[in-house]
Number of protein chains: 2
Amino acid sequence: MEGVFLSELRQISHSKGDIFHALKATDESYMGFGEAYFSFIWKGEVKGWKRHTEMTLNLVVPQGKIRFVVFDDREQSQTKGEYKEFFLSPDNYKRLTVAPDLWVAFQGCGPRENMLLNIASIPHDPKESVNREINEVPYDWSLL
Amino acid sequence: MEGVFLSELRQISHSKGDIFHALKATDESYMGFGEAYFSFIWKGEVKGWKRHTEMTLNLVVPQGKIRFVVFDDREQSQTKGEYKEFFLSPDNYKRLTVAPDLWVAFQGCGPRENMLLNIASIPHDPKESVNREINEVPYDWSLL
């Protein structure tokens, strides 16, 4: 799906506590720095759907496990109508980059804290995002 | 101590999971984006001492509790020889900004995962940092 990238990230083991990379200014998926924030999500809960018209998201999950679903309803897209699903966690530690104009929702899957860091390319601006209720985009959110 | 700033950060409560701010490009302590990474530290362990000659650190602790100690041995500094100590956690959720040329070490204080996010003003470059063994800078690291 155009505009969706999954990047390998280094996790450096250390007896005092590990180091997990998140994003470098020299990475291909770096589209500028606007804001960084954490979002927590309890098991089974879903936040979304949200579509940004300007912001590129760079998402990593250093704690717990989160399911991300990207839905494409862009008019000119080859993959219009398609969904992509990703489960990110420290055990599958990758960075998910999502370009503007795609719909995103995410769900907590781990039993304790599920935490994402979003390094957004622009600061939060409610005027550049659109929301839909979770039921407005059909998707089976049942957890295995 | 010049070059050390503690900034208030918003924590937005939400029944599905909270949102914690970390850094905005419009914040006064934003000195450019070079790299973001997580560092974990087990209870009682200390990482440090490290002094950066170019990098400004922006440190937040979204999980656990971490003690940061900043030591000033800058030649021209009014506070040469002094230490500053900060305990950061979700319950004392602030951003610690540390300018170049100060020594920093940190210790895990919480029983489970203690995690910091550093949003560094330049990418990692071993040539711009200096290390000292933990005993080379005297400090009482005993936990209460």
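## Strand pairing and chain contacts in a predicted model

In strand E10 of chain B, B:Phe106 is the bridge partner of B:Lys47. The structure is a predicted model, in which local features need pLDDT of at least 70 and side-chain atom pairs count only at pLDDT 80 or more, while totals for chains, interfaces and linings use all residues. Residues are numbered from 1 along each chain as its sequence is written, and chains are lettered from A and ligands numbered from 1 in the order in which they are written.

**Strand E5 of chain B**

Strand E5 (residues 46–52) of chain B is mostly covered, with five of its seven residues buried. A buried residue has 20 or more other C-beta atoms within 10 Å of its own, the C-beta atoms being placed from the backbone. Strands are DSSP runs of at least two residues and helices (H or I) runs of at least four, both numbered from the N terminus. Two strands pair if DSSP finds at least two bridges between them. The table lists pairings of strands, including one between the chains.

| Strand | Partner strand | Bridges | Sense |
|---|---|---|---|
| E5(B) | E10(B), residues 103–108 | four bridges | antiparallel |
| E5(B) | E12(B), residues 129–131 | three bridges | antiparallel |
| E4(A) | E3(B), residues 19–24 | five bridges | antiparallel |

In E12(B), B:Ser129 is the bridge partner of B:His52.

**Where the chains meet**

A:Phe38 stands opposite B:Phe20 in E3(B). In total, 31 residues of chain A are in contact with 31 residues of chain B, contact being defined as C-beta atoms, placed from the backbone, that lie within 7 Å. On the side of chain A that touches chain B, two or more residues come from each of strand E3 (19–24), strand E4 (35–40), strand E6 (57–63) and strand E11 (115–120) of chain A. The residues of that side comprise 17 nonpolar, seven polar and seven charged. Here Ala, Val, Leu, Ile, Met, Phe, Trp, Tyr, Cys and Pro count as nonpolar, Asp, Glu, Lys and Arg as charged, and the others, Gly among them, as polar.

**Chain A as a whole**

Chain A has zero helices and 12 strands. Its radius of gyration is 15 Å, close to the 15 Å that the globule rule gives for 144 residues, so chain A is as compact as a globular protein of that length. The radius is taken over C-alpha atoms, and the rule is 2.2 Å times the number of residues to the power 0.38. Along the principal axes, the C-alpha atoms of chain A fill a box of roughly 50 × 35 × 30 Å. Of the 144 residues in chain A, 36% are buried. Among contacts in chain A with a separation of 6 or more, 83% involve residues 24 or more positions apart.

Note on methods
A residue is buried if 20 or more other C-beta atoms lie within 10 Å of its own, exposed if 12 or fewer, and partly exposed in between; C-beta atoms are placed from the backbone. Two residues are in contact if their C-beta atoms, placed from the backbone, lie within 7 Å.
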